[in-house]
Amino acid sequence: GAHAELVVQVRQVLLDGQPAQINSPSAAMRAGIGLALVPEDRKTQGLILPMKVRENITLPTLGQAARAGFVSGSEERRRAAEMIGKLAIKTASGEVSVGTLSGGNQQKTAIAKWLLGQARVYLLYDLTRGIDVGTKQEIHRLLRELAAQGKAVMVISSDLPEALRVSDRIAVMREGKLVDIIPGSGATEEQVMALAAGVTGARRIAQAEQAAGAVASMEETTA
């Protein structure tokens with residue numbers, strides 16, 4: 001299937017310059033790697049909708065709320081409440097079904113469970129698709145905060161304007177292959193689309209436009 005093909009094509013994963021062995025979800029979640037995934041379909045892959053908000057948030061790190069092999073209910077509730085407050089998840093309480101929340105608050109819940117685990121690397125697929133503008137801005141702010149903390153944040157997005165807003169670097173793919181990586185600062189939709197479409201000389205055009213923008217900025221500063 002597609003997953004098997006992806007595994008074959010990924011030759012090596014480096015974390016802090018060192019090879020990371022990732023062959024299972026549990027291996028990805030280990031403290032030495034701390035890889036978090038917020039999948040494209042939050043309803044079927046990112047959350048368990050019939051379960052409570054609290055249960056969804058604490059599920060990946062439930063062992064951290066355990067004492068002598070038994071989960072401490074009070075500790076679990078405390079940890080969930082901390083994330084609900086931190087991400088401003090709009091819910092009557094952590095005890096309601098996550099399926100009753102709005103799309104934006106479901107997405108925040110999907111992110112919260114990985115923040116609770118102190119992940120180091122975040123893989124986020126179409127993170128703000130189908131949510132309101134206000135929540136989208138809150139999530140963008142959260143991404144910037146994670147990056148400022150030294151976390152690695154990779155956003156896979158079909159929303160090009162969003163990619164331009166939140167990215168320090170933009171990796172452009174075409175037919176399943178990496179075409180180029182360009183700086184997010186100063187990048188335009190036209191540059192990215194040209195690279196994705198395989199337009200000859202797109203890289204040189206992008207560099208020229210960014211250089212011209214830098215010169216114009218310097219002229220405005222010195223004027």
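# Close-up views of a predicted model

Figure 1. Leu37, Tyr125, Met154 and Ile156 make up a nonpolar surface patch of about 340 Å². The model shown here and in the other views is predicted. Tyr125 has a relative accessible area of 32%, so it counts as partly exposed.

**Figure 2. Helix α5 and what covers it.** Helix α5 runs over residues 73-86 and has 14 residues. From its first C-alpha to its last, α5 reaches 20 Å, close to the 20 Å expected at 1.5 Å a residue. The buried residues in α5 are Glu75, Glu76, Arg79, Ala80, Met83 and Ile84. Their cover includes two helices, α4 (53-58) and α6 (103-116). It also includes two strands, β4 (66-67) and β5 (70-71).

Figure 3. Arg78 and Glu82 form a salt bridge in which the closest N and O atoms are 3.6 Å apart. Both residues lie in α5, and they are four residues apart, about one turn of the helix. Arg78 is partly exposed because its relative accessibility is 43%. Glu82 is also partly exposed, at a relative accessible area of 42%.

Figure 4. Side chains of opposite charge can pair when their charged atoms come close. The whole structure holds eleven salt bridges. In one of the salt bridges, Lys52 pairs with Glu95, and the closest N and O atoms are 3.3 Å apart.

Figure 5. Most residues other than glycine have a negative phi. Ala88 is not a glycine, yet its phi is positive, at about 50°. This residue comes just after α5, in the loop between α5 and α6. Ala88 is partly exposed, because its relative accessibility is 40%.

**Figure 6. Asp126, a buried residue in a loop.** Asp126 is another residue that is not a glycine and has a positive phi, here about 40°. Asp126 is placed in the loop between β6 and α7 (133-148). Its relative accessibility is 11%, which is under the 20% limit, so Asp126 counts as buried. Asp126 forms a salt bridge with Arg129, and the closest N and O atoms of this pair are 4.0 Å apart. Arg129, in contrast, is partly exposed, at 46% relative accessibility.

**Figure 7. Leu160 and its contacts.** Leu160 lies in helix α8, which spans residues 160-166. With a relative accessible area of 17%, Leu160 is buried. Leaving aside neighbours within four places in sequence, Leu160 is in contact with Glu189, Val192 and Met193. Leu160 and Met193 are 33 residues apart along the chain, and their C-alpha atoms are separated by 9.0 Å.

Notes
Residues numbered from 1 in each chain as written. Predicted model: local features only at pLDDT ≥ 70, side-chain atom pairs only at ≥ 80, totals over all residues. Heavy atoms only, no water. Patch = residues over 30% accessible without salt bridge, like charges linked within 9 Å, V, L, I, M, F, W, Y side chains within 5 Å. Areas by Shrake-Rupley, 256 points an atom, 1.4 Å probe, with all protein chains shown as cover. Salt bridge = Lys/Arg side-chain N within 4 Å of Asp/Glu carboxyl O. Buried < 20%, exposed > 50% of the residue type's maximum accessible area, 1.4 Å probe, protein only. Expected span 1.5 Å × (residues − 1). Contact = heavy atoms within 4.5 Å.
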